[in-house]
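I opened my notebook to look a few things up in this structure. Here is what I checked, entry by entry.

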Amino acid sequence: MSEPRVRRAEIAIEQAHVDTVYTRLAELRAQAEAMRTKGYEIGHGAGREAIFEQASMLFERDMMVYHANQTLQTLDAEYEGLVFGRLDHLDNDHIYVGRLGIRDAEFDNLVTDWRAPAAAAFYQATAEEPMDVVRRRVIRCSGQNVLDVDDDVLIADAVPEGMQIVGEGALMAALGRSRGEKMRDIVATIQKEQDEVIRAPWRGVTEITGGPGTGKTAVALHRAAYLLYRHRRQLGGAGVLVIGPSGVFTSYISRVLPSMGETNVELRALGEVLDGLEATRQDPAPLAAIKGSLRMRKILLRALRDTPEDAPEDMKIVYRGEVLRLNARELDKVRRKVHTAGGPPNRSRIRAAELLLDALAAKAEQHAKDDGRQIDKAELITELGERIEFHRFLVVWWPILYPAQILRWLGAEKRLASAAKGLLNRNEISMLAADFADRSRGWTIADVALLDELRVLIGTPPKSRRARQNVEVNPERGGAPTRPEHYDEYSHVVVDESQDLSPMQWRMVGRRGKYASWTVVGDPVQSSWPDPAEAAMARDQAFGLKTTRRRFTLRTNYRNSAEIFDLAAKVVAGHAEADELPRAVRQTGVTPEVRPVEASGLEAATQAAVKELMGAVEGTVGVITAMDRVPEVEGWLAELSDERLKVVGSLDSKGLEYDAVVLVEPNDLITESTTGRRVLYVALTRATQQLTVLASNPDWIPSA
């Protein structure tokens with residue numbers, strides 16, 4: 001039976017059990033409501049019984065109502081996603097794991113509370129110490145509906161013939177059943193190297209490197225669940241943040257931790273790290289390289305210290321019949337003094353007011369001196385500082401700044417040139433200014449890090465007394481206050497595809513993890529960032545003073561077939577050392593097909609290749625193309641609409657996998673990126689079964 005059919009069948013099996021659980025839940029709820037109703041009835045119509053007997057009845061009533069309400073509150077609170085796991089043991093017994101324990105009318109166990117000792121293996125069992133668990137299944141639900149299941153095989157050679165395995169665990173089971181000691185040794189190697197990472201100490205920084213198909217992401221997420229269970233007191237309260245490269249990727253992995261009962265985990269794409277913003281658009285590689293460089297921090301700092309666009313160029317105020325005036329040069333001098341003090345502009349208005357008043361007083365003293373008079377400086381400052389016209393001027397001259405506003409200012413090439421003097425060349429300035437000037441398509445992923453940097457540089461404006469008293473309450477969390485905006489007290493941060501983070505993005509992520517331990521996942525060979533040394537420096541700064549660092553390398557590619565990976569390795573051979581590439585252990589006998597096509601016939605060739613692969617595999621088919629070509633290719637395939645078919649750009653394909661892939665014009669992927677062959681390497685390693693490459697130019701394949 002094919003994998004999709006097996007998955008559907010297994011989902012149906014788990015759905016039947018989940019239906020039973022919710023039926024029993026409804027029965028328990030009805031019983032609790034009946035108990036509460038009976039409790040309210042006790043004590044009514046009691047007549048003139050003895051005071052002691054009446055007090056006893058009232059106490060019994062209160063206890064019944066209390067316990068009934070407690071039961072109802074628990075049942076209601078744990079209604080959503082009640083069942084999230086299953087453990088199958090060596091003795092053929094199995095238990096379901098969920099948010100609370102439920103027994104049927106005969107007291108047989110339907111769901112085991114995740115906090116119970118019997119459920120500990122769901123979090124603690126690993127291939128090295130399986131705790132008698134053959135298969136661990138994650139069950140992903142929405143309400144009462146089972147959406148998907150995914151299995152981990154912890155004892156590969158103990159999987160019984162009748163047990164169906166879904167997801168990556170299916171490959172492990174197949175390898176474990178394979179004849180010959182060599183394949184069994186490979187399985188043991190995979191499980192051992194992954195287990196060591198999962199169990200590594202939680203403090204400090206744990207780095208996980210490895211090529212495509214080595215299970216880096218799965219290991220990192222299982223490590224997070226394991227650490228939360230074993231060190232819940234240290235890690236549970238503050239929460240865990242998982243950051244991935246794109247919304248497509250975070251959606252892809254979203255089932256893992258929440259489905260394992262770990263709801264105190266936030267999944268965010270790089271374009272979503274800044275609260276209140278969701279960016280999905282990628283910049284062209286040359287533009288992204290500018291925005292991601294640490295040069296941008298200096299540019300932003302200069303820009304926010306520049307005179308705001310609408311600020312008045314002179315100030316006039318009358319004091320005792322005399323006009324005191326500050327011209328543009330004098331106002332600019334005051335502004336520079338305020339910024340020299342180093343405080344965030346949005347917290348510096350009082351300082352700006354003081355220096356403005358000092359400048360006005362100096363002007364008045366000069367006039368008085370010329371006339372042979374004297375003035376009381378303190379009196380002048382007090383009087384002018386209380387005038388409404390002074391405060392109106394101050395609000396316009398020293399306005400509250402907003403990050404988006406400053407980036408829009410830089411859309412003016414002259415202003416950007418001033419801020420970028422000595423940092424960017426003329427072409428870079430023109431490119432960046434043109435981008436900031438056009439916000440019709442919204443912010444890009446690279447812009448998010450700039451906006452976050454500006455948020456910190458300009459500071460938050462002082463809140464009113466009413467705002468300070470207005471604490472937001474989240475009713476879904478039992479009335480507990482929600483986390484504040486731009487929360488930075490996470491206990492653990494997981495960063496996936498870390499090799500692609502720009503220095504500015506590392507600064508953004510580092511702010512969220514300044515109190516955290518880290519799990520960092522990446523592969524230098526897949527990097528799309530052109531200056532790894534600068535990124536490494538920013539990454540080390542993000543980790544702060546954490547001196548404990550450990551590094552693990554996963555070396556076995558058990559997802560790609562050897563035939564597919566051999567082509568990918570050939571493409572990237574000149575950009576990676578042999579020991580940086582993983583070893584693909586699975587052979588299918590199906591070699592990738594490279595089809596030469598004319599550029600004019602690319603549309604028809606893409607349609608034909610997609611139809612062939614959708615007929616050849618029952619799972620997903622990915623069409624990977626250059627980022628700027630995605631809309632065009634989507635148009636080619638509009639009539640082939642199918643939920644199994646996905647069109648993605650090269651950068652958005654990172655971390656994803658498909659049963660079959662059509663790769664359109666590999667040379668486009670090389671030329672669109674500053675690390676072209678590395679990006680192509682990623683695209684070539686997304687397929688697990690079949691790969692078809694459509695190319696009008698053979699230059700993408702290195703000569704032997």
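This is a predicted model: local features need pLDDT of at least 70, side-chain atom pairs count only at pLDDT 80 or more; totals for chains, interfaces and linings use all residues.

**Entry 1: a helix**

Next I looked up a sheet. I noted for myself that strands of a sheet pair through backbone hydrogen bonds, either parallel or antiparallel. The one I picked is an open sheet of 6 strands, in the order β3-β4-β2-β1-β5-β6, and its pairing is mixed. Which strands stand at the edges? They are β3 (102-103) and β6 (145-153); each has a single partner strand, so one side of each is left without a neighbour in the sheet.

I followed β3 to its partner. It runs antiparallel to strand β4 (residues 109-113), with 2 bridges joining them. Ile 102 has Val 111 as its bridge partner in β4.

**Entry 2: a strand covered on both faces**

Then I went to strand β12 (residues 492-495). Are its faces covered or uncovered? Both are covered: His 492 and Val 494 are buried on one side, and Val 493 and Val 495 are buried on the other.

I looked up the neighbours too. Strand β8 (residues 240-244) runs parallel to β12, and 4 bridges join the two. Across that pairing, Ile 243 stands opposite Val 495. Strand β13 (residues 517-522) is also parallel to β12, again with 4 bridges. Here Val 494 has Thr 519 of β13 as its bridge partner.

**Entry 3: a strand with one uncovered face**

I wanted another strand to set beside that one, and I took β10 (residues 315-319). Its covered face holds Met 315, Ile 317 and Tyr 319, while Lys 316 and Val 318 are on the uncovered face.

β10 pairs with strand β11 (residues 322-326); they run antiparallel and are joined by 5 bridges. Ile 317, from the covered face of β10, has Leu 324 in β11 as its bridge partner. The hairpin of β10 and β11 has 2 residues between the strands, and Arg 320 in this hairpin takes a positive phi near 55°.

**Entry 4: salt bridges**

How many salt bridges does the structure hold? The count is 47.

I looked at a few of them. The side chains of Arg 511 and Asp 452 meet in a salt bridge at 2.6 Å, N to O. Arg 511 is in helix α21 (residues 503-512) and Asp 452 is in helix α19 (residues 445-458), so this pair ties together parts that are 59 residues apart in sequence. Are Arg 511 and Asp 452 buried or exposed? Both are buried.

Arg 595 pairs with Glu 593, and their closest N and O atoms are 2.9 Å apart. Arg 595 has a relative accessible area of 17%, so I put it down as buried. Glu 593 comes out at 38% relative accessibility, so it counts as partly exposed.

For Asp 642 and Arg 644, the closest N and O atoms are 3.8 Å apart. Asp 642 is partly exposed, at 31% relative accessibility.

I also found a network of salt bridges linking Glu 10, Glu 14, Arg 86, Asp 88, Arg 135, Arg 137 and Asp 151.

**Entry 5: cavities**

Among the residues lining it are Leu 241, Arg 268, Asp 275, His 486 and Tyr 490. This lining divides into 4 nonpolar, 1 polar and 3 charged residues.

Note on methods:
Residues are numbered from 1 along each chain as its sequence is written. Side-chain values use heavy atoms; hydrogens and water are left out. Buried means under 20% relative accessible area, exposed over 50%, partly exposed in between (1.4 Å probe, protein chains only). Two strands pair if DSSP finds at least two bridges between them. On a 1 Å grid over the protein atoms alone, a cavity is a set of points where a 1.4 Å probe fits but cannot get out, and a pocket is an open set with protein on both sides within 12 Å along at least five of seven lines; lining residues have an atom within 4 Å of a point. Ala, Val, Leu, Ile, Met, Phe, Trp, Tyr, Cys and Pro count as nonpolar, Asp, Glu, Lys and Arg as charged, and the others, Gly among them, as polar. A salt bridge is a side-chain nitrogen of Lys or Arg within 4 Å of a carboxyl oxygen of Asp or Glu.
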